[in-house]
Amino acid sequence: MLSEEGAALLLQGLCSNVVVRLLDLKGNNLRAAGAEALGRLLRQNKCIQNLTLEWNNLGAWEDAFATFCGALAANSALRQLDLRNNQISHKGAEELALALKSNASLQQLDLRWNNVGLLGGRALVNCLPSNRTLWRLELAGNSIPSDVLRAVGTEQAMDHNQDRQTTLQENQARTHMLSKEVRYLREEKSKQFLGLLETIDKQREEMARSSRASAARMGQLQEALNERHSIINALKAKLQMAEAALALSEQKAQDLGELLATTEQELRGLAQRQAKEHRLEQQEAAGRESQLLRDLSAANEKNLLLQNQVDELERKVKSQQEQLFLTRQELTTMSAELKMRAVQAEGGQMQACYRGTWRRERQGQAGWRVLGLRKPLKESHPHSSPGLPERLELEKKRSRQSLEDSERLRFKEVEHMTRHLEESERAMQERVQRLEASRLSLEEELSRAKVAALGERSQAEEELIKAKNQVRMEEQRRLAHLEEKLQLLAQARDEAQSACLQQKQSVADAQARAGQLGLQVEGLRRRLEELQQELSNKDQEKVAEVTRVRVELQEQNGRLQAELTALEALKEKAAALERQLKVISSDHREALLDRESENASLREKLRLKEAEIARILDEEAQRAVFLQNAVLAYVQGSPLRVLSPQK
């Protein structure tokens, strides 16, 4: 048993199938999804004619079954549908009735063992007059009253549909036979017509072939004649050319002699020029070699200069390192001296005062000397002045002030010297690094210069060797070329002499052949006249044959026209037969309708008879029951029942 998902996938795959004609899905418990998938199948598939859906649950879901019925109404390929045991209710039967009103292909419908009921049965009975194809409807086991079942069984529409189907099949068979006969007649006529056309084409091809053959033969003869004329003209031209070539060869021989003399002179000149060029090339090679040697010496000198520069830079670096060391030593000594001065300054302030006064006096004397005057005697001695203590105090103050100023100056100088030393040390380190980098770059340049000098030297030597080899090869080639040219000139002179002899002989042969060809041309002219006469005779024969073929074609055309008229008559007969067939079918339909009306009346009478017989049978059955009861009561009440043995 398939699951509902599997059945849906199967039906989805069958939507585009064009081969399957019969589909049996009995006992798969298909529900709402299955009914919708079946609806899509009936809408899209156009080849399934027999569908069996027994023992499923399609009618339990009314909406899904309604979609199935809508698809059934739009289907035009299904012929048989089996819906037994599908729990179809009266609403499902109403949907089916609506679908049967629109369906135009279903012929057999089986709805046994469902829940159609009275309403569903009446809906199906009411839809039957609107349907034109259904002729078998099974409704047993659906709780439908017997009169509705009899109405379905005695429905004239189904009988009409069955008769209509049989007549339609017979008409289709007859039309198929008539169409086959008409097609066969058309094929025969077309074959005959094609045969006539083929014979006409063959005759035309034979005429064209004969005309092409005669034209080709004429063309060949004309070409042969033209070839002979061209040969004669060519021989005449060759003769003239031979005479001209003979004169040219003689002139050429003279020219070759002159050319030989000139070539010998040219060879001498070439030898002299080659000697000069060789000397010049040797001089150029020597100049190149000297230039290369000069370049090499210059490179060596440059290398030495670079080496000297490197040495000078190293010496400068060493001197700068020594200066740096000396400055450091001076810095240490100055710091020590400053410390000593600071210690001494505290103990010898008086000495500094006296020294200051003495220095000032000395400076005053120097000023007087500069001015060209002499200092007075009173100022020359310090003890001569009356305010000596005050001056000493002033001097002490000045000395203290000067000491403080000197201390501040000393601290500033020390700081300035330390900063200067640090900056100079950093500058010296940077300069040392730059000098080291310049030394490395100079060493690299020196190595590159050495490598370049070596490469240039080797390249110059190679170029010198190549130049020497090239000069030798060029001299050898020129000598070989001159020797070959001399040999070719000698061969050309010999060939010109032999060609002159051959041309003289060919002139004689050409004159003899010209005489022979003149005789052949006269024969060909006579032959051409004969062929032209034959062609005129053949043209006359061809014209007569063409007229005969035209007459035959006209006769064949007349026969074909007669056959065409006969074919049109046959077509008219076929149309008349079709009209007769339509009249017969209409008469047959009327007769069928009459018979159907008679059958309906007979069925009604039969139904009345059956009802009367059923009533009589019921009465007889009731009488038999009464008699049986009476007999049983009589038997039970009689004394023989006591004496009768038990069964």
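A residue is called buried when its relative accessible area is under 20%, exposed when over 50%, and partly exposed in between (1.4 Å probe, protein chains only). By this rule, Arg615 is partly exposed, at 43% relative accessibility. The model is predicted, so local features need pLDDT of at least 70, side-chain atom pairs count only at pLDDT 80 or more, and totals for chains, interfaces and linings use all residues. Residues are numbered from 1 along each chain as its sequence is written, and side-chain values use heavy atoms, with hydrogens and water left out.

The structure contains 11 salt bridges. A salt bridge is a side-chain nitrogen of Lys or Arg within 4 Å of a carboxyl oxygen of Asp or Glu. One of them links Arg615 to Glu619, with the closest N and O atoms 3.1 Å apart. Both residues belong to helix H10. They sit 4 residues apart, about one turn of the helix. Glu619 is partly exposed, with a relative accessibility of 33%.

Salt bridges with shared partners also join Glu54, Asp82, Arg84, Asp110 and Arg112 into one network. Within this group, the side chains of Asp110 and Arg84 meet at 3.5 Å, N to O. Asp110 lies in strand E4 (residues 108–110), and Arg84 lies in the loop between strand E3 (80–82) and helix H4 (90–102). The pair therefore ties together parts that are 26 residues apart in sequence. Helices (H or I, at least four residues) and strands (E, at least two) are DSSP runs, numbered from the N terminus. Asp110 is buried, with a relative accessible area of 7%.

Helix H10 holds another pair, Glu604 and Arg607. Their salt bridge brings the closest N and O atoms to 2.1 Å. The two residues are 3 apart in the helix, so about one helical turn separates them. Glu604 is partly exposed, with a relative accessible area of 36%. Arg607 is also partly exposed, at 37%.

A nonpolar surface patch was found as well. Tyr184, Leu185 and Leu570 make up this patch of about 270 Å². Patches consist of residues with over 30% relative accessible area and no salt bridge; like charges are joined within 9 Å, and nonpolar side chains (Val, Leu, Ile, Met, Phe, Trp, Tyr) within 5 Å. Accessible areas come from the Shrake-Rupley method with a 1.4 Å probe, and for residues only the protein chains shown count as cover. Leu570 is placed in helix H10 (residues 388–637). Leu570 is partly exposed, with a relative accessible area of 34%.
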